[in-house]
Amino acid sequence: MRQAIRALGWATTALWIFVLIFMGTVFYSLANLGVEVGQSEAFPSNEGLTMSLPLLINNTGYYDISELNLTTYVTDRNGTLVSASTTYVPSISSGISIERAHNISISLNEFVPKNLTYLFFNDSVLNVDTFMILKFAQTIYFQMSTNTTMLWGAPLYNFSINEISCNLTDRTLTVPIEFENHSPFDINGTIRLDVYDDENEQIGYGEVTVSATSHSGYEDQIELFVNLSKRTKRGQVHLFIETAMFSLGPIVKEWVAPND
C-alpha cells in the first residue's frame with residue numbers, strides 16, 4: 001500500500017514538473033513571438049477605400065501556432081460600426097515566419113443605411129480596434145488587442161448648393177455647386193437635378209458629369225431649362241449624386257424667382 005502511494009506521489013510530482021516545463025516553454029514562446037506591423041497604405045477600391053497593413057509574424061518559439069485570427073473593427077465617434085475585416089492564418093510552424101496583408105475595407109455604399117451620411121461631408125477621426133487570437137501547441141489560446149485612430153477625409157467636404165438664380169425670360173435656373181474632395185480616391189460620376197415648383201410638380205431636369213480628383217476642389221454652375229408657363233415664383237431643386245462607389249440624395253435647395 002505504501003509503495004502504491006509512493007508511486008502515485010512520484011507520478012504526481014512528475015506530472016507537475018511536466019506541466020511547469022510545458023507552461024514555461026509556452027510563455028517563453030509567447031515572449032519571443034515576433035509580430036511586426038508595417039506602414040499602412042490606403043488605396044481606392046470598387047466600393048470605397050481599402051487600407052492594407054503588412055504583417056510579419058515570426059514564430060521563434062518551441063510550438064506551432066494555429067488558428068491565428070486577426071480582426072479589425074472600425075467605428076465612428078458614436079461607436080457605429082463602419083467596417084469589420086478579418087485575416088485568418090491556419091497554421092505557422094515553429095521556426096517559420098510568414099508575411100500577410102491585413103486589408104481593412106470601407107464601403108461607402110453602407111454609409112446611408114448605417115446613418116453615417118455625415119462622413120460624406122465632414123472630416124472626422126475613426127477608431128480602429130484590432131484583436132488577434134491564436135493557439136499555441138494546439139492547447140492554449142492567446143489573445144492581444146490594440147486601439148488606434150485614423151483620419152477620415154470627406155469626399156464631399158463642405159458640399160454647397162449656393163444661391164440659385166432664376167431667369168424668367170430664358171426660363172432657366174442656374175445652380176452653383178461646390179465641394180472639396182478630401183478623400184484619397186477620385187470621384188467620377190453624375191449629378192442629377194430635378195426641379196419642382198411650389199405645387200411639387202416637376203418642371204425641369206438636368207444631369208452633368210462630375211469629376212473631382214483626390215484632394216482637389218470642384219466647382220460648377222449647372223444651367224437647367226424649366227417650364228415656367230405658370231409664372232411659378234418658387235420651388236425646390238433635388239440633387240442626386242451617382243458614382244460607382246456610392247449613391248446619395250436627394251439634397252434639397254429652395255429657389256425663388258425674381259420679382260417682375
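**Surface, interior and backbone features of the predicted model**

Leucine 81 is placed in strand β5; strands here are DSSP runs of E with at least two residues, helices are runs of H or I with at least four, and each kind is numbered from the N terminus. The model is predicted, so that local features are reported only at pLDDT of at least 70 and side-chain atom pairs only at pLDDT 80 or more, whereas totals for chains, interfaces and linings use all residues. Residues are numbered from 1 along each chain as its sequence is written, and side-chain values use heavy atoms, with hydrogens and water left out.

Leucine 81 has a relative accessible area of 36% and is therefore partly exposed (buried means under 20%, exposed over 50%, and partly exposed in between, with a 1.4 Å probe and protein chains only). Together with Tyr73 and Phe131, Leu81 makes a nonpolar surface patch of about 240 Å². Such a patch joins nonpolar side chains (Val, Leu, Ile, Met, Phe, Trp, Tyr) within 5 Å, from residues with over 30% relative accessible area and no salt bridge; the areas come from the Shrake-Rupley method with a 1.4 Å probe.

The search of the whole structure finds one cavity of 30 Å³ or more, a cavity being a set of points on a 1 Å grid where a 1.4 Å probe fits but cannot get out. The space in the largest cavity amounts to about 30 Å³, the volume being that filled by probe spheres set on grid points joined across faces, edges and corners. Its lining consists of Leu55, Ile57, Leu68, Leu70, Thr87, Val89 and Arg100 (lining residues have an atom within 4 Å of a point). By class, the lining holds five nonpolar residues, one polar and one charged; Ala, Val, Leu, Ile, Met, Phe, Trp, Tyr, Cys and Pro count as nonpolar, Asp, Glu, Lys and Arg as charged, and the others as polar.

Serine 66 belongs to strand β4 and is buried, because its relative accessibility is 5%. For isoleucine 161 and valine 175, the sequence separation is 14 residues and the C-alpha distance 6.9 Å. Isoleucine 161 is in strand β9 (residues 157-161), and a relative accessibility of 10% places this residue among the buried ones. A further pair is formed by isoleucine 96 and asparagine 58, which are 38 residues apart along the chain, with C-alpha atoms separated by 6.2 Å. Isoleucine 96 is located in the loop between β5 and β6 (97-107) and is partly exposed at a relative accessible area of 40%.

Two salt bridges are counted in the model, the criterion being a side-chain nitrogen of Lys or Arg within 4 Å of a carboxyl oxygen of Asp or Glu. One links glutamate 110 to lysine 114, with 3.0 Å between the closest N and O atoms. Glutamate 110 is partly exposed at 35% relative accessibility, and lysine 114 is partly exposed at 27%. The other joins arginine 192 to aspartate 194, where the closest N and O atoms are 3.4 Å apart. In this pair arginine 192 counts as partly exposed, because its relative accessibility is 23%, while aspartate 194, at 6%, counts as buried.

The peptide bond from glycine 249 to proline 250 is cis, with omega near 5°, and proline 250 is in strand β16 (residues 247-256). Asparagine 115, a residue other than glycine, has a positive phi, near 60°. This asparagine lies in the loop between β6 and α2 (118-121) and is exposed, as its relative accessible area is 67%. A positive phi near 60° is found for histidine 215 as well. Histidine 215 occupies the loop between β13 (202-212) and β14 (216-225), and with a relative accessible area of 59% this residue is exposed.

Technical notes:
On a 1 Å grid over the protein atoms alone, a cavity is a set of points where a 1.4 Å probe fits but cannot get out, and a pocket is an open set with protein on both sides within 12 Å along at least five of seven lines; lining residues have an atom within 4 Å of a point. Patches are made of residues with over 30% relative accessible area and no salt bridge: like charges are joined within 9 Å, nonpolar side chains (Val, Leu, Ile, Met, Phe, Trp, Tyr) within 5 Å.
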